[in-house]
Amino acid sequence: IRDFCLSRGLGDVYKRQILVITREMTVTIGHINFSIPRKRKASGTSHDKALEKFFETVYDKIVSSLDFSILKCVILASPGFIKDQFYEYMFSTAVKKETKILIDNKAKFMLAHSNTGHKHSLKEVLMDKNVAMRLEDTKASSEVLALHEFLKALKSDPDRAVYGPKHVQVANENLAIKKLLISDNLFRSADLQTRKKYVSMVEQTKDNGGQVLIFSSAHVTGEQLSQYSGVAATLRFPLTISDSDTEEEDEQE
């Protein structure tokens, strides 16, 4: 659940998105937009009333939309202190209204920072160390950490990270793959030849002791992996892949 604020004229537009992250995808289940007057030195009454109405609307949406019986964690994330203010409002209101579902699940809530409220900032939230620790038993967290490891290696030690079908295949043939990151669009492709190619790559990686993570294209991590062709790998040891290596792969294909 993420807040962000956009300046517009004499006031600010507060927006909140409610997202549910499953093992396979990220689903947006609610958008709430409010125009809130800026707080003036002389009087902040209109600002405070509008902000309370915004919080009340979000509160009602959380109570009506979230199934706490299956949720492991609820993350409140925003720039600034809106998340903190809402957290205080939510549980003081829950006590007043005797909203048992919130009171009983208070321990599932945690706060995190995000630079914006756009959906792409979700990966920033999931990479937060405290969030990662909280979600360490979930598949989504494993994918985030694997993707983070790949991007870090690509930047600081590029001979230990590869992406793209040809380069990953060369790494596979050299038994170099430590972690294979692959999109379900490739692994479950409707094209038979493409599907066979990546199923074989996955099986070979596992046989060689590598770890395989299949990313859902509907999940924020899968969307980011698609920017690197949908298949990537971190390597056990440095591997320099020349143009001639990929040309040989072309000939084999």
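Trainee: What share of the contacts in the protein chain with a separation of 6 or more comes from residues 24 or more positions apart?

Mentor: In this predicted model, residues 24 or more positions apart account for 69% of those contacts. The chain itself has eleven helices and nine strands.

Trainee: What makes leucine 225 an example of a residue that touches others elsewhere in the sequence?

Mentor: Leaving aside residues up to four places away in sequence, leucine 225 touches Leu147, Leu181, Ile182, Ser183, Phe215, Gly230, Val231 and Ala232. Each of these counts as a contact because heavy atoms lie within 4.5 Å. Leucine 225 and leucine 147 are 78 residues apart in sequence, while their C-alpha atoms are 7.6 Å apart in space.

Trainee: Why is leucine 225 called buried?

Mentor: The relative accessible area of leucine 225 is 0%. Buried means under 20%, so leucine 225, at 0%, is buried. Its place is in helix H10 (residues 220–226).

Trainee: How do you know that threonine 205 is buried?

Mentor: The same test applies. The relative accessible area of threonine 205 is 1%, and because the limit for buried is under 20%, threonine 205 qualifies. Threonine 205 lies in helix H9 (residues 192–207). Not counting residues up to four places away in sequence, it touches Asn172, Ile177, Leu180, Gly210, Gln211 and Val212.

Trainee: Which residues of helix H7 (residues 165–173) are buried?

Mentor: Val168, Gln169, Val170, Ala171 and Asn172 are buried in helix H7. Asn172 is also one of the residues that threonine 205 touches. Helix H7 is followed by leucine 175, whose phi is positive, near 55°. In the protein chain, buried residues make up 45% of the 253 residues.

Trainee: Why is the pair of phenylalanine 55 and phenylalanine 86 called edge-to-face?

Mentor: The structure holds eleven aromatic pairs. In the pair of phenylalanine 55 and phenylalanine 86, the ring centres are 5.4 Å apart and the planes are at 65°. Phenylalanine 55 lies in helix H1 (residues 45–65) and phenylalanine 86 in helix H2 (residues 82–97), so the pair ties together parts that are 31 residues apart in sequence. Phenylalanine 55 is buried at 5% relative accessible area, and phenylalanine 86 is buried at 0%.

Trainee: What makes phenylalanine 91 and phenylalanine 109 an edge-to-face pair?

Mentor: Phenylalanine 91 and phenylalanine 109 are 5.3 Å apart, centre to centre, with 85° between the planes. The distance is within 6.5 Å and the angle is over 60 degrees, so the pair is edge-to-face. This pair links distant parts of the chain, with phenylalanine 91 in helix H2 and phenylalanine 109 in strand S5 (residues 109–113), 18 residues apart. Phenylalanine 91 is buried at 7% relative accessible area, and phenylalanine 109 is buried at 6%.

Trainee: How do you know that the charged end of lysine 106 sits over the ring of phenylalanine 91?

Mentor: The charged end of lysine 106 is 5.2 Å from the centre of that ring.

Trainee: Why is the link between lysine 100 and aspartate 104 called a salt bridge?

Mentor: The closest N and O atoms of lysine 100 and aspartate 104 are 2.6 Å apart. A salt bridge requires them to be within 4 Å, so this pair qualifies. Both residues lie in helix H3 (residues 100–104), four residues apart, about one turn of the helix. An α-helix has 3.6 residues a turn, so residues three or four places apart point the same way.

Trainee: What makes lysine 100 exposed, and what makes aspartate 104 partly exposed?

Mentor: Lysine 100 has a relative accessible area of 57%, which is over 50%, so lysine 100 is exposed. Aspartate 104 has 48%; this value falls between 20% and 50%, so aspartate 104 is partly exposed.

Trainee: How do you know that lysine 179 forms a salt bridge with glutamate 149?

Mentor: Their closest N and O atoms are 2.9 Å apart, and the limit is within 4 Å, so the pair is a salt bridge. The pair links distant parts of the chain: lysine 179 is in strand S7 (residues 177–183) and glutamate 149 is in helix H6 (residues 139–156), 30 residues apart. Salt bridges that share partners join Glu149, Lys178 and Lys179 into one network.

Key: Residues numbered from 1 in each chain as written. Predicted model: local features only at pLDDT ≥ 70, side-chain atom pairs only at ≥ 80, totals over all residues. Heavy atoms only, no water. Salt bridge = Lys/Arg side-chain N within 4 Å of Asp/Glu carboxyl O. Helix = DSSP H or I, 4+ residues; strand = E, 2+ residues; numbered from the N terminus. Buried < 20%, exposed > 50% of the residue type's maximum accessible area, 1.4 Å probe, protein only. Phe/Tyr/Trp six-rings, centres within 6.5 Å; stacked < 30°, edge-to-face > 60°. Lys NZ or Arg CZ within 6 Å of the ring centre and 35° of its normal.
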